[in-house]
Structure formats: C-alpha cells, structure tokens
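Please work through each task before reading its solution.

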Amino acid sequence: MSSPYIAAHGLGKSFSGKLVLADVSFTVEPGDVVGVLGKNGAGKTTLLELVLGFTPPTSGGVQLFGYDSYRLPGAAKARIGFVPQQDELVNQLTAADQIGVIASFYPKWDDELVVRLSREWEVDLGQRVKNMSVGQRQKLSILLGLGHKPDVLILDEPVASLDPVARRQFLEQIIEVAADGKRSVVFSSHIVSDVERLANKIWILKDRRMYWQGDFDSLKDSIVRVHARSTQPLPASLSILNALNVQRNGTTATATVQGWRAEMQDGLAQQLGAEIEVEQLTLEEIFLELHR
Amino acid sequence: MKAIARLIFTYYTGTALLRFISSAGLLAGIVGSALLLYFPPLTGGSGNPSRLSLAQEALVFFLPVAGILCFTFGASLLPALLARLATSHYLYVLPYGRAKLLTSAFATVALTAVFAACVVTMYYSMMPFALGLVFQRALAVSFVTASFLYVVLWLTGKGGNIGLLAGAFVLIATLVLPLRFIAMPSTSLTIPWTICAVLWTVFAASFLLAPRLKASVGRARHALAGLTGSSYRGGGEIDFLIGTARPWALAAGQGVPIAIATVLLHIFGLTAPSLPSPWLFFFTIMSVISSALASFAATRSRALWLRARWTRAQLFTNVESSFWRYNCCTLGVLLLLLVWSGDVLEMPTRVVAFGMGLLALASALSTYIGLIVTARIGWRDAVLAVTTMVALMTAVVYLSSPATATTTIVAFVGGLTALTFVVREIARRRWGRLDWMLCRGDLAVRASA
C-alpha cells in the first residue's frame, strides 16, 4: 500500500487564544477526492491552510508527502496545486501573462492542458485580468492550480462564483485529474450536491472538530431517517438510540438516527410496537440534519 | 532561473504601455550613448565652435537621460506585482517562490542601475574623467534612487492617507539623498552603499521570514488599532465613507519631516537665495500629494449615494466640502510650515507670500483633478494633469526667481486660479452624471499613481 499524501494527527489551531480547530486527524491517500463540508466558521479554510503549511498548528501536525507541511521544501511544493477562495491574480496582467508568470515557477507545466481548458472554459487569454468577470477570474485561478498537474490539488470553495455550466465542466476536470488514481483532491464547498457528485470521501467539520470522515456510502448508511407507524398512539417521549432529532405526531414518528445498523430495525419495531421504515438521506439532508 | 527571468521580463513588459516605455528607454539609452560617442565633444552653448545647433545638442544630451528615466519607470510593475504575489497564498505554494521573487526584485533594481550607470559612463566617455570611477558613482546613485523609487511607486499605488504620506516621505529621500553624491564628486560612496546594504538586508530578511513575522505583526496591528481607535466619529459619516476622516495623520506626517529638514538645512547653513526653488518645489509636491486622495472619491462615494438622500449634484457638493475640510488641515499645516521655514531659512518675503497662494492653488487643483476621475482616464485628463503639474512647477521656478516681475507672478497665479475654476466645473458636470459602473477602484488607483 502506498503511503498517504497527507497525514494529520491531533491537529489544532487557536487564534489569540480562541480555538478554531481541535484534535483533527485524517489521511489522504493517492486517488482520494475529499469533500470538506461545514457551516461558515466551522474551520474549513483553517484546516486547508494548515494542510498547506500557511500557518503553524497550535497542536498536532500535518505531514504532506512525508514532510512537515509548515516546512515544505520547494520540490514538495511543486507537487501541490492550490485554488484560493478569492482569486489572487495580478490585475495589470493579461491572463496569458499571469499564466506565464506562475508557470515559470514549475519545472513541469502542461501548456497543452491549460490552452485546451482555457478554450473549453472560454477564458480569453489575451484579456487583462482586471477586465474579467468574477467567474472568469475564478476559472483562471483554477487553471493556475491545475497547470502543473499536481499530485495534491487543494481547492477552497472553488466553484462559488461559477455558473452551473462552468461548475459542471470544472467538476469533470477534477474527476479527470483524480482518475489516474495517483493524484488526490481536497476541496471545500457549500454546494453539497457537488460534493456528493464528486467526492469519494467526506469530511464534515462541526463545532471545530472533525465530526465525520469516511466514504459517502458509509455516511449514507450510518445516518438515516426512520419512520415509525403504529396503530396505537406512540409514547410522548420516544427514546431512540443515537437519535439526532425526533418528531412525533400521534401514531407516527420520524427520527434521524446516527450510527444506524440494519439489525437495529427489529429491536426498534418491538420497542415501539410500530412498523419501521428506513429512508436513506441525500448528503444535503444529512448535512442539514447534523446542523439542525 | 526561468522564474526569475520571467518575472523580470514581466516587470518591464507586463502591459502594453510598459512595453513601449521600456523599449523606448532602452532604445533612447543606446542610441543616445552611440550619438555621444559618434559626435565630437558637445559644447553645450559655451561659445566654442560646434557642428550642431544648440537644439540638436540639447536633443543629443537629452536622449540618454530620457532613456534612463523611461527604462527605470518601465519596470513600474515591479512594486505592484511583488506586493500582490508577496501578500497572496501563491507565495506559500510556489516552489522556492519567496527566494525567486526577492531575487527578481533585486535583479531588476540592479539591472536598472547598471543600465543607468552605463549610459552615464558613456555620457562622460569623451571627457577627461576616470570612467571606472564615473561608473561606480553612477551605479551607487542609481541603485539608491531606483530602490527608493520603486518603494515610492508601491506606497503611492496602495492608496490611502498613510500610503501617500509614506510615499511622499520616501520620494523626498529619493530626490534629496543622491543629490549630495552627484553635486560633490569627492564624497565617499560608502554611505550610499551602506544604506543600500542595510535596506536590502532588512527587506530580504523580513521578506523571507514573513510567514514567521506575520503573527507578531498581526498582534502589533491589533494592539495599535486598539490604541488609535476607530476612524469613525458620530456625525462624520461622509468623511468616514469618503476616506477624509483622518487628515491630522497626514498633516502631522508632513510636518515632522519638513521640520527636521528645515532644522538640518539651517544647521548646514543652506539659506536663501540658493534654496527657494527646490524648497518651494517640495512644498508644492506635498500639497499636491495630500490632495490626490480625491481621485478615490468617485469610487468611494457609491456607499454614500446608497445611504444618503442626495442627488448627484448634492453628492458632489458634500464630497467637495468634505475634501475642503480635509484640505484645510493638511494645507494649514503646510502653510504654517512654509512661513516658519521661510523665517528660519531667510527666504524672501515675496517668495513666502506668493508661495502660500501657490500651495493653496496646488491643493485646490489637485483636489479637483482628483474629482474629475469618475471613469477611465482618457488622454484629455492625462494631458490636463500633466499640464497642471508643469504649470505649477513653472510657477515655482518663476516665483522663486528674484528677476521675475510681480506682474508676471500675479498673471501666473491668475491663470492657475482660472484653471482651478475650469477643472472644478468639469468635475461638477462629471459628478452630475456619475456612473459607478465606470469608476472602478483600480482606475482610481491608476489615477492616483
């Protein structure tokens, strides 16, 4: 088995004594496409910045390609691609010059890929950056992150300013990047449907901690909505193990249960004297239930 | 190496205008130097026989100088690009990004200085000077000047009071510092080289250690913000939104360096009649810079427009008033300093008296030229701005000369006053049809620069 590209253990970060991330551990293997979810202020950007070594951790540490991420050597940096939340382009330059400047830092730059993508994404390379729309700038920013075919691509809410067509094109490109099984992508997004479509691993940050990490199927199996229907009125206070929330309406009840296992169904039916139906949730529904 | 070369190339050729300026500078420098070599020693109107007319000689003299200036300003993208990349996340993920960026900046300054030194050496090549020494001296002076000049471009391009203030301060150092080494050929070059070495070492260390220093700087800023408090005061909403809420920071910042310079000049025994022209020149530059903030007004006024129930005409009146409140502080300090320094440095009363009027006019003109920036800057605006500056500088020269008749000075002042009213009227009309889609922030920044 190949060693993980990214490995974090007990990662924590405080700003001026205020804890923003606590005790986070994870690994990212080659071929992983990780979607990071969390409410505003959950610590997604901080987590990505810690992974990239922009800021030192307060506790724990991150290893990127086996190096301490805060002290990454240049050769390791050449294997990273990063697309920031807000573009950091130079307004005075044309898109082609902007690409030329960034490309010159990398020993391997795929001009063909960049030209092809810029054509597909309708990025005018002759246009000055300051005259571009927000979406165009974001596309250019993504091109800069992809051009050197990085082993690890980290994107902080990359599609927020893109229209649905551009978003779909971008997501297809991400899949293409990760398809050879040797590259990894870590991206945060508020558009849960994109994460659902793209990621094979999900990280959910909640209350400054890693609330959930694993593949999407496990998450869907683990958090389900349980419907109980009885001929008799159900008890006023239903006690359902690991229930995130319960709604009762006379003879029926609905509960979102975490850590659900198939064998629990019969036990619950007996306990409540009701017919139990289990409904699988979409990622968006799971996310909403977790933050209700 | 590829990245460093690419960065340097981009500094000089990043935009069409810079490509033109750099190429023209390079060409003018080379052709001018070749002409100096080709032609016999120029007499410069000294009365000795010459094959060329005075105008032709002036052109041959001017060409290499223009080449140096154009080539130096051709790399104007250096500070903007350096600052943008240095403050972005790219610098953390680009392989050896910090070291390459720093090297490219140093190499660009060195390249500019070497070019200037070569041209200057060619200038003196037909004269009986030790050319090695000429090259060394020119290199030292050019290196100091170029280093400071790019800092000035960066500071003034940032916008805001403090940026303009710091830019003005460094600009004075840029202009004054090399004068001593040009004017006095026997002065040791140890001082400029030491200054350069110290400045570049400090800059390089802070640039390379920036990630580690960032947290400390953040804490210091936080503490400082707590001490100075918010720039917003109840009732001062217009000033706050337009950016004219803190005139005293700029006024105080202008006062300290001028006061120090006055005392130093007094100690060195530099007084009238040699001083008035450059001294008044600095005051006028200060006055123009302090009012140049107005070029940001149109962009910033959008928030004001959304919150106040004003027509565009009322908006202009209120913004104009806000700038005059601001100007009163900065200009008031400058006028007081002019009177005081005039007394200390024994400047002629006439120069001080007319100088005060000139400063007020410079401030007014600069404010209204800033206020006409309501959209992309056209060639008419650029010509107007350049003409105004030339007119102000010409007025300074005439005003400082004892030979100039009072009627000439009065005519100059009258002409500038009329120009002020014309520019104000243009600004008023433009604000009457202000379109915030057309006055984006970056245009204002360019105007300020």
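**Exercise 1.** Determine the handedness of the crossing of H2(B) and H3(B), and characterise the contact.

*Solution.* The crossing of H2(B) and H3(B) is left-handed, a term used if the near helix is turned anticlockwise from the far one by less than a right angle. Helices (H or I, at least four residues) and strands (E, at least two) are DSSP runs, numbered from the N terminus. The axes of H2(B), residues 16-38, and H3(B), residues 54-74, come within 7 Å and cross at roughly 150°; axes are lines fitted to C-alpha atoms, for helices over the stretch in contact, and angles run from 0 to 180 degrees between N-to-C directions. H2(B) is therefore roughly antiparallel to H3(B), the class for angles over 145 degrees. Contact (heavy atoms within 4.5 Å) involves, among others, Gly25(B), Gly29(B) and Gly32(B) of H2(B) and Gly67(B), Phe71(B) and Gly74(B) of H3(B). The contact residues divide into 13 nonpolar, seven polar and no charged; Ala, Val, Leu, Ile, Met, Phe, Trp, Tyr, Cys and Pro count as nonpolar, Asp, Glu, Lys and Arg as charged, and the others, Gly among them, as polar.

This is a predicted model, in which local features need pLDDT of at least 70 and side-chain atom pairs count only at pLDDT 80 or more, whereas totals for chains, interfaces and linings use all residues. Residues are numbered from 1 along each chain as its sequence is written, chains are lettered from A and ligands numbered from 1 in the order in which they are written, and side-chain values use heavy atoms, without hydrogens and water.

**Exercise 2.** Which element of chain B has the lowest confidence, and which the highest?

*Solution.* Chain B averages a pLDDT of 80, on the predictor's per-residue confidence scale from 0 to 100. Confidence is lowest in H19(B) (441-448), at a mean of 48, and highest in H1(B) (2-13), at 92. Over residues 443-449 of chain B the pLDDT is below 50.

How values were computed. Parallel < 35°, antiparallel > 145°, perpendicular 65-115°, else oblique.
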